[in-house]
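Here are a few exercises to work through with the model open beside you. Try each one before reading its solution.

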Amino acid sequence: MTATAPAAEATVRKSSPGAARGPRRRTGRIRRIGLPYLLLLPALLLELLVHLVPMVIGIVMSFKELTQFYIRDWGTAPWAGFDNYSVSVDFDAPVGKALLHSFLVTVAFTLLSVGLCWLIGTAAAVFMQDTFRGRGLLRALFLVPYALPVYAAVITWVFMFQHDNGLVNHVLHDQLGLTDKPSFWLIGDNSFIALLTVSVWKGWPFAFLIVMAGLQNIPRELYEAAALDGAGMIQQLRRITLPSLRPVNQVLVLVLFLWTFNDFNTPYVLFGKSAPEAADLISVHIYQASFVTWNFGTGSAMSVLLLLFLLVVTGVYLALTSRGRRTAQ
């Protein structure tokens, strides 16, 4: 009797459904929790290889006196400490003064480009909300600048901005007579206008696409009720459209700001390796400091300073927008 009791108890435990389901449930829960992280693992590894590892290497390079003499083995370059940063922020010296000028040009260019992209994109999206014949075709045409490859689009603008046989001078000077003589658009002060024109032409369709998607979530009943109350188009835009698009616009402005401030392809294809002083964006300026003068230590320090500036601006912007959202709620 005594010997058979434990065996019988063990048999009952094995046959009990609760005892068998317990480990299986824990195993299934672990699989469900770990599967998303397992699926994200390849993307995380690629992110480390493509972005984070070069970023860490660039930060290390900013503390070295890395010139063309140490390109073959950059690890043997002498340690410079914060000398590269001191040279970059010394605004009385030529290097710091040029960097400050490039930074101010980039700030002005970014504010104008983002503002115009948002304004044109929002106006086009609001206009496209009405139903009319050919609306689908017009929407597709609006998205062409955004869909075109950057190099193909900017090279086309380079030919259009030519001094002697460009389309811009042909229209403004020959056809409309708005200028006394053909203008130089790719050199001098007009280069800033040319760069801004290409940037807005290329960027406003993205704002149009995002705002148009946000408008789909606004109930039409709000506009119908406002129209019955006597609200005009301007009042509907101020009281309904813009407040409803506030979350969309907050993300849109931040994305446009980061894209425009870091834009390298547009000025590089438009002007080449040496941009005019009026259109000397900080991305091209850092490229010249690194790959033209072969001072990779100073160029890396400028890149780190740019990264810190963008992180601070993004953090402040997100803090202000989140506080405004909580206040509105």
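**Exercise 1.** Which residue just after helix 14 takes a positive phi?

Solution. Bear in mind that this is a predicted model. Go to the end of helix 14, which spans 282–292. Just past that helix you'll find tryptophan 294, with a phi of about 60 degrees.

**Exercise 2.** Work out how many residues of helix 14 are buried.

Solution. Start with the cut-off: a residue is buried if its relative accessible area is under 20%. Nine of the 11 residues in helix 14 pass, so the helix is mostly covered. Among them are Ile282, His285, Ile286 and Tyr287.

**Exercise 3.** Describe the largest pocket, from its volume to its lining.

Solution. First, the volume: about 670 Å³. Next, the lining has 21 residues, and those nearest the centre are Ile286, Ser303, Val304, Leu306 and Leu307. Helix 2 (17–61), helix 14 and helix 15 (296–328) each give two or more residues, with helix 15 giving the most, at eight. Last, sort by class: 13 nonpolar, eight polar and no charged residues.

**Exercise 4.** Do likewise for the second largest pocket.

Solution. Its volume comes to about 450 Å³. Of the 18 lining residues, Val126, Phe127, Met233, Leu237 and Thr241 sit nearest the centre. Sorting by class gives 12 nonpolar, four polar and two charged residues.

Technical notes
Residues numbered from 1 in each chain as written. Predicted model: local features only at pLDDT ≥ 70, side-chain atom pairs only at ≥ 80, totals over all residues. Heavy atoms only, no water. 1 Å grid on protein atoms, 1.4 Å probe; cavity = no way out; pocket = protein on both sides within 12 Å on 5 of 7 lines; lining within 4 Å. Points joined across faces, edges and corners; volume = space filled by probe spheres on them. Helix = DSSP H or I, 4+ residues; strand = E, 2+ residues; numbered from the N terminus. Nonpolar A, V, L, I, M, F, W, Y, C, P; charged D, E, K, R; others polar. Buried < 20%, exposed > 50% of the residue type's maximum accessible area, 1.4 Å probe, protein only.
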